[in-house]
Amino acid sequence: MTTATPIAGTKSVIVGTAGHIDHGKSALVEALTGTHPDRLAEEKRRGITIDLGFAFLEEHGVRFGFVDVPGHERFVSNMLAGAAGIDVLLLVIAADESIKPQTREHFDICRLLGVERGVVALTKSDLVDSDTLELVRLEAEDYLRGSFLENAPVLPVSSKTRAGLEELKKALQVAAQKATAKDASSYFRLPIDRAFAMKGFGSVVTGTLISGSVGAGDEVELFPGGERLRVRGVHSGGKAVERGAPGQRTAVNLAGIEHTALKRGMVLATPGKFRKTRRIDVRLELLSSARKIKQGTPVHFHTGTAETIAEVFFHGQRELPPGGSAFANLKLQNEILVLPGDRFIVRQFSPVVTMGGGAVLDPLARRLMLRDTGRIAYLETLGRGKGEEILAAMTERAILGLGYGEIVARTAWMDSEIRATAKALSVAGRVKIVSAEPLVLVSEKIFAEVPKRILERVDKFQKDNPLLPGIPREDLRSSLGKRVRAETFRAALEQLVSQKRLDAAGELVKKAGSEITLQPEEAKAKDQIEGAFAAAGLQVPSVQEVLAQLAIEAKRAERLLQILLREKILVRVSPELIFHRGALAQLKERLASFKKSKGERITVPVFKELTGITRKYAIPLLEYLDRERVTRRAGDDRVIL
Ligand SMILES: Nc1nc2c(ncn2[C@@H]2O[C@H](COP(=O)(O)OP(=O)(O)OP(=O)(O)O)[C@@H](O)[C@H]2O)c(=O)[nH]1
Ligand SMILES: [Mg+2]
């Protein structure tokens with residue numbers, strides 16, 4: 001994947017507003033950027049924000065993308081779609097009203113979404129006296145104590161008089177400089193927050209580019225539907241750009257799809273890497289203001305710009321008390337795309353209030369299973385976020401082995417990270433790389449059993465079938481059951497061969513150096529078969545005739561014949577014709593002396609005469625000699641080589 005080359009020195013940062021209705025969020029965005037973020041006619045008429053609004057500002061090498069959210073409690077779900085992906089929170093508290101319910105709810109949401117930094121604006125400062133302003137500042141500082149905004153600047157501003165705006169811009173600059181840049185070299189992901197048609201362009205979607213980059217000509221995958229789409233163009237900050245970089249508001253023009261098929265909540269991503277899901281394992285944190293959650297409780301679930309209904313189940317406990325946190329398994333009503341570490345919010349079913357949130361641990365979880373006693377330890381490992389531990393634990397749980405595609409879908413790690421981690425685990429003896437390309441891992445514990453089982457099978461087979469030279473590979477593999485995948489089988493077999501415990505030269509596998517040992521009656525029968533063909537010369541008898549005369553049963557007799565053929569004492573010239581090697585050697589000598597005395601050409605009748613055999617035998621025999629390069633066909637004749 002190509003990475004975007006950001007313009008030297010510029011940094012892209014998303015600033016998201018949050019705060020109670022009418023506290024002056026949109027007015028502040030307009031005062032800072034010159035753009036009023038409200039777009040809808042209804043918003044303008046009612047004087048409130050209903051849906052997300054956007055504005056841009058580029059200053060001192062920072063490109064700010066502003067996401068303005070509605071404060072109305074009925075539109076919190078819209079607020080949530082905007083809050084995902086913000087780098088810097090602009091918490092708005094009106095100086096004349098101080099902290100109100102949606103101040104708290106929005107702030108809780110941002111905290112649960114893992115927002116790391118921000119600035120507090122005490123808006124409408126022109127409406128209050130300095131004592132009131134001081135009081136509100138104290139209330140705000142008190143409220144934010146112990147949170148990620150504990151040390152954030154709290155700045156009085158007025159969008160009306162423009163007082164304090166310069167200080168606020170400076171504070172946003174400082175926060176922007178400190179913000180961790182989103183990863184441009186990672187997989188591309190854009191949660192869609194708007195979709196519309198643009199005259200002359202077709203379908204356009206917008207969103208905050210949360211990782212990777214996107215440019216014209218790229219193929220992208222639309223989740224959860226899985227459609228592969230081509231990018232026709234990309235806009236960022238209101239301008240056409242070659243590639244959209246992470247941390248920017250991004251508009252993507254898509255070919256091959258109607259805008260009506262595109263909706264908020266869908267995600268554009270690097271194609272062929274990820275899997276949609278309806279079951280996830282998470283770390284869930286419940287607000288102390290929330291009601292307790294019981295096993296099976298339905299909630300509203302929000303992640304990225306997506307929203308669905310989830311039923312909550314707990315690992316190892318029945319319920320979650322207010323203020324508590326637990327590993328939970330969420331059953332989602334609709335399919336979504338999430339990756340480990342993605343944040344989410346849950347809201348009470350009714351009345352709809354924010355209850356809590358957390359982070360995704362396993363995006364491809366399964367239904368809660370009581371007998372899966374190691375699940376909690378596994379989720380703890382995922383939560384600690386240490387690559388080697390995670391891959392080792394993941395491999396241990398994959399009884400069938402863990403393929404490259406599954407590792408990507410479960411971790412979203414890049415290729416180099418996957419390979420380096422696998423290598424380290426392999427060197428440490430924790431994981432066996434049973435195939436390097438495509439990469440397949442099997443836990444050393446599980447792998448170690450396979451060679452043992454193979455040895456047992458081969459041993460048993462050779463005991464049960466003393467006259468057979470070995471067990472066919474495929475039979476051996478399928479005897480191990482479906483849990484041993486092809487790559488694992490191959491690696492285990494290779495190991496046994498290199499340890500000189502098995503021979504697996506051809507299609508057959510046998511104990512190294514093992515030979516067939518014959519019973520006395522078998523040895524006798526084998527001699528009889530050989531004798532019958534040796535005595536017959538070129539006038540060979542039919543195989544059935546020879547075998548029928550033996551004192552042992554047909555199956556063993558057939559196997560003895562096979563042994564003679566493998567030992568090349570007998571030679572199968574055609575499906576029906578078997579000759580003793582002595583007879584064939586003599587024939588070759590006779591042809592050689594014929595060539596000396598009569599020349600290299602020989603006709604079929606002369607060949608018949610020379611050998612004394614019928615045409616029925618002569619033709620297959622000549623064809624055999626051609627294959628052996630003793631003769632070469634030349635028209636109807638043969639040339640002796
Ligand atoms: N006097 C004064 N009025 C302000 C200021 N900022 C906003 N207002 C007014 O307050 C009202 C609400 O402002 P908005 O910016 O729409 O508030 P909001 O927080 O975006 O509201 P929602 O999006 O609906 O949550 C408007 O009438 C603004 O003109 C300010 O600094 N001083
Ligand atoms: Mg507004």
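Mentor: Start with Pro438, which is in the loop between strand S25 (431-436) and strand S26 (439-443). Helices (H or I, at least four residues) and strands (E, at least two) are DSSP runs, numbered from the N terminus. The model is predicted, so local features need pLDDT of at least 70 and side-chain atom pairs pLDDT 80 or more, while totals for chains, interfaces and linings use all residues. Residues count from 1 along each chain as written, chains are lettered from A and ligands numbered from 1 in written order, and side-chain values use heavy atoms, without hydrogens or water.

Trainee: What is the peptide bond from Glu437 to Pro438, cis or trans?

Mentor: Cis, with omega near 0 degrees. Another cis bond joins Phe223 and Pro224, at an omega of about 5 degrees. Pro224 lies in the loop between strand S10 (219-223) and strand S11 (227-236).

Trainee: What makes Arg162 stand out?

Mentor: Its phi is positive, about 70 degrees, although Arg162 is not a glycine. Arg162 sits in the loop between strand S6 (154-156) and helix H6 (165-178).

Trainee: Why is H7 called roughly antiparallel to H8?

Mentor: The axes of H7 (residues 375-384) and H8 (residues 387-397) cross at roughly 150 degrees and come within 9 Å. Axes are lines fitted to C-alpha atoms, for helices over the stretch in contact, with angles from 0 to 180 degrees between N-to-C directions. Over 145 degrees counts as roughly antiparallel (under 35 is roughly parallel, 65 to 115 roughly perpendicular, the rest oblique). H7 is therefore roughly antiparallel to H8.

Trainee: Which residues make the contact of H7 with H8?

Mentor: H7 gives Arg375, Tyr378, Thr381 and Leu382, and H8 gives Glu389, Ile390, Ala393, Met394 and Arg397. Contact means heavy atoms within 4.5 Å. By class, five are nonpolar, one is polar and three are charged. Ala, Val, Leu, Ile, Met, Phe, Trp, Tyr, Cys and Pro count as nonpolar, Asp, Glu, Lys and Arg as charged, the others, Gly among them, as polar.

Trainee: What makes a space a cavity and not a pocket?

Mentor: On a 1 Å grid over the protein atoms alone, a 1.4 Å probe fits in a cavity but cannot get out, while a pocket is an open set with protein on both sides within 12 Å along at least five of seven lines (lining: an atom within 4 Å of a point). The search finds one cavity of 30 Å³ or more. The largest cavity holds about 40 Å³. Its lining is Ala81, Ala84, Pro191, Asp193, Thr208, Ile210, Gly304 and Thr305. Four are nonpolar, three polar and one charged.

Trainee: Which residues lie nearest the centre of the second largest pocket?

Mentor: Arg366, Met369, Asp372, Arg375 and Arg397, out of 30 lining residues. The volume is about 770 Å³, a volume being the space filled by probe spheres set on grid points joined across faces, edges and corners. H7 gives the largest share of the lining, three residues. The lining divides into 13 nonpolar, six polar and 11 charged.
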